[in-house]
Each structure stands twice: as structure tokens, then as C-alpha cells.
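Here is a short tour of one protein model. Have the sequence and the 3D view open while you read.

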Amino acid sequence: MTVMAPIARSPVRPGARLLAALALAGSLVLHRLPLRHRVLALRPLGHLRYADPTVLAELHDAVLAVAPRWWPGRIACTEVGLATVLACALAGRRADLVYGARHLPDAAHAWSEVPGGAAGRDTGDACDRPWTPVARFPEQVNRAYRS
């Protein structure tokens with residue numbers, strides 16, 4: 001059995017907290033819509049340049065820091081991943097929302113990713129059972145609509 005040590009997070013800058021709060025609110029609203037509408041909402045973000053992995057990690061930590069404990073609904077990997085992508089977009093940069101899966105036992109997960117790094121992917125026992133990316137947005141959407 002693998003035991004993951006808690007990750008020490010650095011304090012989040014106020015500007016990042018503001019972006020994360022706005023992005024989390026947007027993510028929770030978008031999650032009321034069907035998946036196809038969420039995917040289309042990410043389509044315009046494809047023209048932005050990718051964020052630096054350190055910026056992605058900072059915004060992901062900020063989203064986790066501003067997530068309200070009193071919220072009666074779900075705030076899990078899909079909501080946090082989408083909020084991180086939206087926070088990057090509000091900062092003028094791009095990150096991809098990735099949906100992945102793994103076997104034994106079967107599980108699904110979502111995280112945000114840029115070339116050179118990912119945020120929210122390696123949680124729990126991910127080192128023993130790595131995630132396999134299944135879908136990536138907005139990258140796949142933009143490739144599908146180019147012609």
C-alpha cells in the first residue's frame with residue numbers, strides 16, 4: 001500500500017484568489033449545462049498561449065483555497081479542473097481540461113494540463129495506477145472544427 005504525504009501548499013496571492021473565485025463561480029454555472037455545451041464554451045480559449053506550469057499550479061491551488069466548505073453541491077475534480085482552466089483564461093493564458101480513466105478498479109478523473117505540467121492529476125494513489133487521458137478540451141474541439 002502506498003501512502004501519499006500531504007503536499008505543503010504555498011500561500012496564494014490575492015490576485016490569484018480573485019481569478020480563482022470568479023472562475024469557480026463560472027465553473028459551477030457551466031456544470032449545470034450538458035457536457036457538449038461546456039465543451040463548446042471552452043472552444044474560444046484555443047487561440048491563447050499555454051500558461052506556464054507554475055502559473056497553472058498556483059491557480060489550481062487558488063481554486064482549492066477559495067472553494068467554499070459550505071457549498072451544498074459537488075465541487076470535485078471536474079469542477080476544479082474546469083475552474084482552473086477558466087482562471088488561466090481570465091489571466092490571458094490557456095490550459096487544457098483533460099478527462100481520464102484507469103483500470104482495476106475502474107475510475108474516472110479530470111485535471112488541467114499544459115505542456116510541461118499538470119495540476120490535479122496526481123492525487124491519492126495515482127503513482128501506482130496512472131491515469132490515461134481520454135479527452136482533452138479545448139485542443140480536440142479546435143482540431144475538430146478546423147477545415
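## Ground rules

This is a predicted model, so to speak of local features a pLDDT of at least 70 is needed, side-chain atom pairs count only at pLDDT 80 or more, and totals for chains, interfaces and linings use all residues. Residues are numbered from 1 along each chain as its sequence is written, and side-chain values use heavy atoms, with hydrogens and water left out.

## The sheet

Let's start with the strands (DSSP runs of E, at least two residues, numbered from the N terminus). Four of them make an open sheet in the order E3-E2-E1-E4, with antiparallel pairing; strands pair if DSSP finds at least two bridges between them. Which strands stand at the edges? They are E3 (117–119) and E4 (132–137), and because each has a single partner strand, one side of each is left without a neighbour in the sheet. On average, neighbouring strands here are turned by 35 degrees against each other, direction ignored (axes are lines fitted to C-alpha atoms, for helices over the stretch in contact, and angles run from 0 to 180 degrees between N-to-C directions).

Zoom in on the E2/E3 pair: E2 (residues 107–114) runs antiparallel to E3, and 3 bridges join the two. Ser 112 stands opposite Ala 119 in E3.

## Helix H4 and Thr 78

Helices are DSSP runs of H or I, at least four residues. H4 lies across strands E1 (96–102) and E2, running at about 10 degrees to E2. Thr 78 is part of this helix, which covers residues 77–90. Is Thr 78 buried or exposed? It counts as buried, at 15% relative accessibility; the cut-offs are under 20% relative accessible area for buried, over 50% for exposed, and partly exposed in between (1.4 Å probe, protein chains only).

Leaving aside residues up to four places away in sequence, Thr 78 touches His 31, Tyr 99 and Ala 110, where contact means heavy atoms within 4.5 Å. Its side chain also makes a polar contact with the side chain of Arg 74, at 3.1 Å (N or O atoms within 3.5 Å; within protein, one must be able to donate a hydrogen and the other to accept it, and residues adjacent in sequence count only if both atoms are side-chain atoms).

## Cysteines and Leu 18

A search of the whole structure turns up 0 disulfides, meaning pairs of cysteine sulfur atoms within 2.5 Å. Cys 77 is partly exposed at 22% relative accessible area, while Cys 88 is buried at 0%.

Over in helix H1 (residues 14–30) you'll find Leu 18, which counts as exposed at 54% relative accessibility. Leu 18 and Ala 62 are 44 residues apart in sequence and 8.6 Å apart in space, C-alpha to C-alpha.
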